[in-house]
Amino acid sequence: MRGLEGHVPRQSEIKRFSKNQVQASNFTDGESLKKMRANRAKDVRSGFLRAWKAYKKYAFGADEINPLTLEPLTTRNGWGATLIDALDTIHIMGLEDEFKDAAEKVKTINFDKNDGEPSKVFETNIRYIGGLISAYELSNDRMFLKQATALADIMLEAFDTPTGIPWQMWDVQTGTGSSESGPSTLNNLAEIGTYQLEFFRLSQHTGDPIYHKAAQRVYDVILDQNEPKKGTPYAVAGLYPIFLNINTGKFLAGKPNLGGGSDSFYEYLIKTWALSGFQLQRCLDMWNESLQGIKKYIVSRGSDKRLYMGIGDDEGLDSISDTFTCFFPGTLALAGRLLDDKETIELAHQLLLSSYNTFSRMPTHIGPENFGFLPDGDDDSDLLKSQKAEIKKYGFYLDRPYYLMRPEVIESIFYFYRITGDEKYADWIWEIWQGIKANCEVDGGFAGLRDVRVGREGGLIGKQESFVFSETFKYIYLAFTEPNVISLDDYIFSTEGHPFKRSIPFNGTF
C-alpha cells in the first residue's frame, strides 16, 4: 500500500464496478403514494425554511444561532458555518431566493481573517470547503469554487509538518498549528483522514494536484510508519488507533472504533475510491482490510441478539457505542452495492436494525448520543441496576441520553430506502421527523433535547449546529422527493452530507 496515487487499478474490475447500480429500480408507484411523498417533502421543506428564516433574521452570516435565545454564535471562526453548510440543501429544495441571498453573503467572506481563534482544520474542510464545492457543482457559480480554493490554500499550510500530516488546529492569522487538547502534535484518525474526498474533487476542478497529493500523503505516512504488531496500539491490520503524533506519523493510543475520532476515516476510503471512478485502488484495498478487522473485532452480537458496533481489537471489546457509529450501516450498504456484495449489504442491514432501535424504542422516537449494550453471553454483574433495567426494556442502556439533532441514524436509513426502494424505511424517517418536530422545534429553529426518554419536558439545549442544515434536513427531505433527486448513482455524499457528482471523469491525472 504505497504511492501517492495508490495501487494500480485493475481495468477489468473498473468496467465491472461501473455497471453496478446503487439505487433500487423498483420504488413503489401509485398516485396516492406520490401525493403522500410530496406532502411529506413539503412538510420537511417548511420546517427547514422556518429554521433558516430564523437564522437569517437573527444571525445571518454567523456560524450558528442559539435556537432558544436567538443569539448569533461564533463557533467556527465567524465565517458563517451555517450559511455555507446549508447552501446545497437550499438549492436542492428549490429555494431560489434564499440561495441567491446566501450566495451574495458568501461572496463577501474573507477567509484570511477570523475571530482570533485557531481553526479546526477538519471541520473547516468538511463544513466550509465541502459546502462550497457542492454549491459550485449544483449551481455552476464559479464564485463558490473560488472561495473553496481560497480557503483550501490557507488550510494547506496546516499540512506543512515534518510528515505532511496536518495540524489539528491552525491559526490563519499567525500561521501556527496546535492541538485542540493534549500534546501540541496530537491529532486523531478522523481529523487526518477526512480530506481525501474534498481535496480530490478540488484538484479535479482546479487541475492542480496539490490538494489531492496532500490528502493522499496522509495514507503514505501512516502505512509507512506503522506495522501491525500484537501488544501495541496498532495490533490489527486495518484497525487503526485513534491518536497519533503528526511529527512522526506513529500511532499512540486509542482503541479502534467507528465512532467520533475515527468514523469518517473509514467512510472516506470507500467513498473516495467511488468518486475517483474506481481508479484509486489503494482506497479500496485499505477499505477491504479494515472491514475484515471491523467484522472480527468491532461488530458484536448483543444480549438482545442484535448486532452492535463497539470499541475493540485483539485484546477484547468495550461494549459502548455512540450515535456517530450509526453512519456505518449506510456507508456499508453503499459499499455493498458498489461492489455487488450481498453479504456486506446483509451485515449493513443487521447493523441498521440496532441503530434504528436506539431511536424507535424511545417514546420520543429520538435516540441518545451514547449507549451501551451487553454482549451476548456476557455476565451483567458489572452493570448498574439502572443499566440492567434498560437493557431488559430496550436491548441497550443509555449512557448519554441527550440528542443534538445528529443525522447518522437518519442517514443510514436514507441509504437503505434508496438502495432497496422499500417504503418502510421512508416511514421510519417520517416517524423520526415527527419526534423531532414534537420535541425539538422552537422559535429559533431546532434545539437539542436533554433526555430522549423524557422529551421536551426534560429540558432543551440551546444548540443548533450547521450540520442540522447540511445533513439532518437533507437526508430527511430526500427520503420523500422523487428518487432521482440526488440519486446515489449520480452523487457521493461527503461526511457532512454534501453531494459530489460522480460523473466528472478521472483518468489518473489532473
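Visitor: What counts as a salt bridge here?
Guide: A salt bridge is a side-chain nitrogen of Lys or Arg within 4 Å of a carboxyl oxygen of Asp or Glu. Please note that the model is predicted.

Visitor: How many salt bridges does that rule give?
Guide: By this rule, the count is 27 salt bridges.

Visitor: And what lies behind such pairs in general?
Guide: Side chains that carry opposite charge can pair when their charged atoms come close.

Visitor: Let us take one. Which residue does Glu98 meet in a salt bridge?
Guide: The side chain of Glu98 meets that of Lys56, with an N to O distance of 2.9 Å. This pair links distant parts of the chain, 42 residues apart: Glu98 belongs to helix α5 (residues 96–107) and Lys56 to helix α2 (residues 31–59).

Visitor: Is Glu98 buried or exposed?
Guide: Glu98 is buried, because its relative accessible area is 12% and the cut-off for buried is under 20%.

Visitor: And Lys56, how does that one stand?
Guide: Lys56 is partly exposed, with a relative accessible area of 24%.

Visitor: What does Lys120 form a salt bridge with?
Guide: Its partner is Glu180, and the closest N and O atoms of the two are 2.9 Å apart. Lys120 lies in strand β3 (residues 119–120), while Glu180 is in the loop between β5 and β6 (186–188), so the pair ties together parts that are 60 residues apart in sequence.

Visitor: Why does Lys120 count as buried?
Guide: Lys120 counts as buried because its relative accessibility is 15%, and the cut-off is under 20%.

Visitor: How far apart are the closest N and O atoms of Lys342 and Asp340?
Guide: In that salt bridge they are 4.0 Å apart. Lys342 is exposed, with a relative accessible area of 65%.

Visitor: Which residues are linked in a network of salt bridges?
Guide: Arg76, Glu123, Arg127 and Glu465 are linked in such a network.

Visitor: On to the strands. What is the order of the open sheet of three strands?
Guide: The order is β6-β7-β8, and the pairing is antiparallel. Strands β6 and β8 (251–253) are at the edges, each pairing on one side only. From one strand to the next, the twist averages 45 degrees.

Visitor: Over how many bridges do β7 and β8 pair?
Guide: Strand β7 (residues 243–245) pairs with β8 over two bridges, in the antiparallel sense. Leu244 stands opposite Phe251, which is in β8.

Visitor: Where is Gly177 found?
Guide: Gly177 is part of strand β5 (residues 176–178). With a relative accessible area of 23%, Gly177 is partly exposed.

Visitor: Which residues does Gly177 touch?
Guide: Leaving aside residues up to four places away in sequence, Gly177 touches Trp167, Met169 and Trp170. Between the C-alpha atoms of Gly177 and Glu157, which are 20 residues apart along the chain, the separation is 9.1 Å.

Visitor: Now the helices. At what angle do α10 and α12 pack?
Guide: Helix α10 (residues 263–275) packs against helix α12 (residues 328–339) at an angle of about 35 degrees, and their axes are 10 Å apart. The crossing of α10 and α12 is left-handed.

Visitor: Which residues make the contact?
Guide: From α10 there are Glu267, Ile270, Lys271, Trp273 and Ala274, and from α12 there are Thr331, Leu334, Ala335, Leu338 and Leu339.

Visitor: How do the residues of that contact divide?
Guide: In the contact of α10 with α12, seven are nonpolar, one is polar and two are charged.

Definitions and conventions. Residues are numbered from 1 along each chain as its sequence is written. This is a predicted model: local features need pLDDT of at least 70, side-chain atom pairs count only at pLDDT 80 or more; totals for chains, interfaces and linings use all residues. Side-chain values use heavy atoms; hydrogens and water are left out. Helices (H or I, at least four residues) and strands (E, at least two) are DSSP runs, numbered from the N terminus. Buried means under 20% relative accessible area, exposed over 50%, partly exposed in between (1.4 Å probe, protein chains only). Contact means heavy atoms within 4.5 Å. Two strands pair if DSSP finds at least two bridges between them. Axes are lines fitted to C-alpha atoms, for helices over the stretch in contact, and angles run from 0 to 180 degrees between N-to-C directions. A crossing is left-handed if the near helix is turned anticlockwise from the far one by less than a right angle, and right-handed if clockwise. Ala, Val, Leu, Ile, Met, Phe, Trp, Tyr, Cys and Pro count as nonpolar, Asp, Glu, Lys and Arg as charged, and the others, Gly among them, as polar.
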